[in-house]
Amino acid sequence: MMKIRLATEADAPAVQAIYAPIVRDTVISFEYEPPSVDEVRRRIAKTLVRYPWLICERSGDIVGYAYAGEHSERAAYRWSANVSVYVDATARRLGVGSALYRSLFALLRLQGFINVYAGIALPNPASVGLHQAMGMTPIGVYHCVGYKLGAWHDVGWWEMALCERPEQPEPVLSLAEAQALPGWNDVWSQG
């Protein structure tokens, strides 16, 4: 059974353990060195001020996480968010990524976000498949934008509207404000 919940700073060691081999051994992340547990703790705390950072537990173990972040700092972009999902190597292809994204997208909708975007280092058929299965569509490629592990790599971009785009959008809510809404308890994907 999977359980999706908001991350806390106490989740930093498990998140770091999932992320470190991705940084160290793949081009999925363009970081060169895995962040420390303290840096992951700082990232979680900073993200949760405005955006969701979610954890997936399976049989009590943390097996994945997903989060949203700022698309761009300019004011007109405030209704758009970038999203990312990472799944432990032992839990891939078990529905963890899609469960995390279902809850993440529902929370972002509740907060009033309109659009989500995801960048994927290419080739990565598993990630492309997940994002497209979630309803995201490809919009372009940054060619040879990152150099890692001895080669240049492309990054493809995917997008999705979370809802119909209103003529005049309401202000985006903080996580704390969204928690007070009646729909808060309906967003948690269980599997």
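Analyst: One term before we start: two strands pair if DSSP finds at least two bridges between them. With that rule, E6 and E7 are joined by 8 bridges and run antiparallel. Keep in mind that this is a predicted model.

User: Which residue in E7 is the bridge partner of Thr-137?
Analyst: Glu-159 is the bridge partner of Thr-137 there.

User: OK, zooming out: how many strands form the sheet, and in what order?
Analyst: The sheet has 7 strands, ordered E1-E2-E3-E4-E5-E7-E6. It is open, and the pairing is mixed.

User: Which strands stand at the edges?
Analyst: E1 and E6. Each has a single partner strand, so one side of each has no neighbour in the sheet.

User: And what does the twist average from one strand to the next?
Analyst: The average is 25 degrees.

User: Which strands does H4 lie across?
Analyst: H4 lies across E4, E5, E6 and E7. Relative to E5, H4 runs at about 165 degrees.

User: Which residue other than glycine has a positive phi near 50 degrees?
Analyst: That's Leu-149. You'll find Leu-149 in the loop that runs between strand E6 (137-148) and strand E7 (151-161).

User: Is Leu-149 buried or exposed?
Analyst: Exposed, because its relative accessibility is 55% and the cut-off for exposed is over 50%.

User: What about Arg-93, what's its phi?
Analyst: Positive, about 65 degrees, and Arg-93 is not a glycine either. Arg-93 is in the loop between strand E4 (80-87) and helix H3 (96-111). Its relative accessibility is 81%, so Arg-93 counts as exposed.

User: On to charges. How many salt bridges are there?
Analyst: The count comes to 8 salt bridges. One of them is between the side chains of Glu-57 and Arg-5, at 2.9 Å from N to O. That pair links distant parts of the chain, with Glu-57 in strand E2 (residues 53-58) and Arg-5 in strand E1 (residues 2-6), 52 residues apart.

User: Are Glu-57 and Arg-5 buried or exposed?
Analyst: Both Glu-57 and Arg-5 are buried.

User: And which residue does Arg-43 meet in a salt bridge?
Analyst: Glu-31, also at 2.9 Å from N to O.

User: Which residues are linked with them in a network of salt bridges?
Analyst: Glu-39 and Arg-42 are linked with Glu-31 and Arg-43 in that network.

User: Last one: what's the N to O distance for Asp-38 and Arg-41?
Analyst: It's 2.6 Å in that salt bridge. Asp-38 and Arg-41 are 3 residues apart in helix H2, so about one helical turn separates them. Asp-38 is exposed at 56% relative accessibility, whereas Arg-41 is partly exposed at 26%.

Key
Residues numbered from 1 in each chain as written. Predicted model: local features only at pLDDT ≥ 70, side-chain atom pairs only at ≥ 80, totals over all residues. Heavy atoms only, no water. Helix = DSSP H or I, 4+ residues; strand = E, 2+ residues; numbered from the N terminus. Buried < 20%, exposed > 50% of the residue type's maximum accessible area, 1.4 Å probe, protein only. Salt bridge = Lys/Arg side-chain N within 4 Å of Asp/Glu carboxyl O. Axes fitted to C-alpha atoms, helices over the stretch in contact; angles between N-to-C directions. Contact = heavy atoms within 4.5 Å.
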